[in-house]
Amino acid sequence: MATFIDLGLSETVIRSIVNMGFEETTPIQEMTIPIALQGRDLIGQAQTGTGKTAAYGIPLTEKIAEQAEQIQGIVLAPTRELAVQVAEELNKIGQFKRIHALPIYGGQSIDWQIRALRKRPHIIVATPGRLMDHMRRRTIRLNDIKIVVLDEADEMLNMGFLEDIETILKEVPEERQTLLFSATMPHQIQNIAQRFMREPELIRIKATGVTVSDIEQHYLEVPEKLKFDVLTRLLDIQSPDLSIVFARTKRRVDELSEGLNKRGYSAEGIHGDLTQSKRDSVLRQFKDGTIDVLVATDVAARGLDISGVTHVFNFDIPQDTESYVHRVGRTGRAGKTGLAITLVTPREMGMLRLIESVIKRKIIRKPVPTIIEAVQGQQRLTMNEILRVIAEEDIEKYKGIAEELLAENDSVTLLSAALKIITKEPENVEVHLTEAAPIRVRGVGKPRGQQGGYNRKNYPQRTDTWSRRRNCDVRGGSTGASRGKDFKKNG
Ligand SMILES: Nc1ncnc2c1ncn2[C@@H]1O[C@H](COP(=O)(O)OP(=O)(O)OP(=O)(O)O)[C@@H](O)[C@H]1O
Ligand SMILES: [Mg+2]
C-alpha cells in the first residue's frame, strides 16, 4: 500500500491527511488520486467504506486556488445528509490550505444559504434540486468551476435527477474535469460517461465481491407476521452498539420505530417526509449514541459514514441488489467488521438468491432465534454490566443496605430479584405493523450464475412492484417517472 507522500501531494494537504489519522492510502485512493491530479476524467468504483470521498476530495482540494474567491468545484450527492457529511470531510482535507466547502441542500433555509454563499466558499456540495434553485435565482454561478464530482451517480439517476444533472453540467465550463464515484455501477452510468465525460479512465478496485468481506452477512427466513418479534429477539441477543434497521416505506419506518420504543429500545426513524430539522436531530442523536437504533428507508443507505454501527438489519429485504450493497455497507467501514442480517419472507427467497448471485457471495442462513435465547441474551448483558460496575464504579454506599437485606434473605434470592428488576424482559408489548406485500423476482429458479452481472434487466420487474415503489422513499425506477414528489424532498 502506498503512502500519501508517494502520490506527490502538497505539504499542506499531507498535513491535514495526517491530522485525520490516515496513514496509508486505500486501494481506490492509490489508483485514482494520481490520475485525477493529472486532470483526467475518471470513474471510480470500489466497495463501500473504502475511502472514495477522500479519493476525490484530495485531488479536488489540491486543484483549488485558495486565493481565488470563486466556487471552483462542485460535488453532487443524492441526499442531504450525505452532502453535509462530504462537505465536512472536504473541510478537514482542506483545513490547512484554508479551503472552504459549503453544503447546499433542500429543506434548509435558502436565505441562510445565500448568506453563507456570500462568504465565498471554494467548493459546494449540493443535492441537485437545491443547486438548481440557486442557479435559477442566480445566487450560485458556475462559470469558474474546474472540477465536478458525481458521488453516488447511479443513485442520483435512480432518483430521477438525470435532467437536473444535465442542466447543471451545461452551465459548467466544458473544459472542466469530471469525476464519478460509487460502489455500484449499473449500466446507465455509461450514458452519463458518454455524454458528460471526456475519455474517462475506469478504475475498478477488484474484490471478490461487491460487498466488503469484513461484513458478515446472514439471513433468516421469517413469515411477515413474525418479523417484528424476530427483530427484537435479534436486538436482545446481539445487543449491538449502534444499529440501522432498514424498512421499505416511510410508514413502515414510523411503525417500526414506534414499536421498538414500546418495547423499550431507544430508536428513532429517518425518512424523506420528516422535516429537515427532525432528520438532522435524529442523525445527530444516533451519532452521539443518544439513540441506539436508527430505523430508516433507503434515504440512509448511501454513503453515510457513522462510526460504531456494528449491525445492519434489513427488516424488509431491499428491492434491488444495489440497495442491498449500500445498506449493508453502512457497517464494516474503514477496515472494521460488521454484521448484516436480512429478514426474508418465504415468498421473497427468489430476491435473496438474486442478491447472492449479483454480489457473488453466499448469504448464510441462520435459524430463527427463540424467546429463550433472547432472554438469555439480556441476562448475559445484565451480568456483564454488573461485573463492569464491580470493576469500575464506586458502590460503597450501597453496601450497608445490601448487608441489611442479606441478614433476612439468602443471597441467591436477593440477587435474582435484583436481576429481574434490571433485566429487560423481551416481547412484553404487542406490536402490529401494517402488512407489506413481498418483493418478488420474475424468472428466478434459474441456476445461480446465469443471472449474474450488473444489469438492470436482472432487476425485479417493474410491473410487480411499481405501485409499492411509489410509496417508498428515495428509490425508484431508472426512469424516475412519477417520483417528482420524493426527489424534490431531497433536493
Ligand atoms: N486512507 C485512509 N486511512 C484510514 N481511514 C480512511 C482512509 N480513507 C478514508 N478513511 C475513512 O474510511 C471511512 C469510509 O470512507 P468513505 O465514507 O469515503 O467511504 P466510501 O468508499 O465513500 O463508502 P460508500 O460507498 O459507503 O460511500 C471514513 O470514516 C474515512 O474517514
Ligand atoms: Mg461515499
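In this predicted model, His218 stands opposite Ile341 in strand 13. The pair belongs to the contact between strand 8 (residues 215-221) and strand 13 (residues 338-344), which pair in the parallel sense over 7 bridges.

Both strands are part of an open sheet of 7 strands with the order 10-11-9-12-13-8-14 and parallel pairing. Strand 10 and strand 14 (364-365) stand at the edges of this sheet; each has a single partner strand, so one side of each is left without a neighbour in the sheet.

Strand 10 (residues 267-270) and strand 11 run parallel and are joined by 4 bridges. Within this pairing, Ile270 has Ala296 of strand 11 as its bridge partner. To get from strand 10 to strand 11 the chain passes through helix 12 (residues 276-287), and this β-α-β crossover is right-handed. Strand 11 also pairs with strand 9 (residues 242-246), again in the parallel sense and over 4 bridges. Here Leu294 of strand 11 is the bridge partner of Ile244.

How are the side chains of strand 11 (residues 293-296) arranged, and are they buried or exposed? Val293 and Val295 point one way, Leu294 and Ala296 point the other way, and all are buried.

UniProt, in an unreviewed entry, places the feature "domain: Helicase C-terminal" at residues 214-376. The table sets out the computed make-up of each span.

| Residues | Helix | Strand | Distance between end C-alpha atoms |
|---|---|---|---|
| Residues 2-30 | 45% helix | 0% strand | 6 Å |
| Residues 33-203 | 43% helix | 18% strand | 11 Å |
| Residues 214-376 | 38% helix | 21% strand | 27 Å |

Strand 2 (residues 73-76) runs parallel to strand 4, and 4 bridges join the two. In this pairing Ile74 stands opposite Ile124 in strand 4. Strand 2 also pairs with strand 5 (residues 147-151), in the parallel sense and over 4 bridges. Leu76 has Leu150 in strand 5 as its bridge partner. Gly73 and Val75 point one way from strand 2, while Ile74 and Leu76 point the other way, and all are buried.

Strand 4 (residues 123-126) contains Val125. Why does Val125 count as buried? The cut-off is 20 or more other C-beta atoms within 10 Å, and Val125 is buried because 29 other C-beta atoms lie within 10 Å. Leaving aside neighbours within four places in sequence, the contacts of Val125 are Val75, Ala77, Ala83, Val86, Ala87, Leu90, Ala101 and Pro103. One of these, Ala87, is 38 residues away along the chain, yet its C-alpha atom is separated from that of Val125 by 5.9 Å.

The model also holds a ligand. Around ligand 1 there are 18 residues, of which Thr48, Gly51, Lys52, Thr53 and Ala334 come nearest. By class, the shell has 5 nonpolar, 10 polar and 3 charged residues. Helix 3 (residues 52-63) gives the most to this shell, with 3 residues.

Glu199 has a positive phi of about 40 degrees although it is not a glycine. Glu199 lies in the loop between helix 9 (189-196) and strand 7 (201-204). With 8 other C-beta atoms within 10 Å, Glu199 is exposed. Ser239, also not a glycine, has a positive phi of about 30 degrees. Ser239 lies in the loop between helix 10 (227-238) and strand 9. This residue counts as partly exposed, with 17 C-beta neighbours inside 10 Å.

Taken over the chain, the secondary structure comes to 19 helices and 14 strands. Of the 491 residues in the chain, 47% are buried. Among contacts with a separation of 6 or more, 79% are between residues 24 or more positions apart.

Note on methods
Residues numbered from 1 in each chain as written. Chains lettered and ligands numbered in written order. Predicted model: local features only at pLDDT ≥ 70, side-chain atom pairs only at ≥ 80, totals over all residues. Buried ≥ 20, exposed ≤ 12 C-beta atoms within 10 Å, placed from the backbone. Contact = placed C-beta atoms within 7 Å. Pairing = 2+ DSSP bridges. Right-handed = clockwise from strand over helix to strand, strands pointing away. Near = placed C-beta within 6 Å. Nonpolar A, V, L, I, M, F, W, Y, C, P; charged D, E, K, R; others polar. UniProt positions renumbered as here; feature names shortened; annotations may be inferred.
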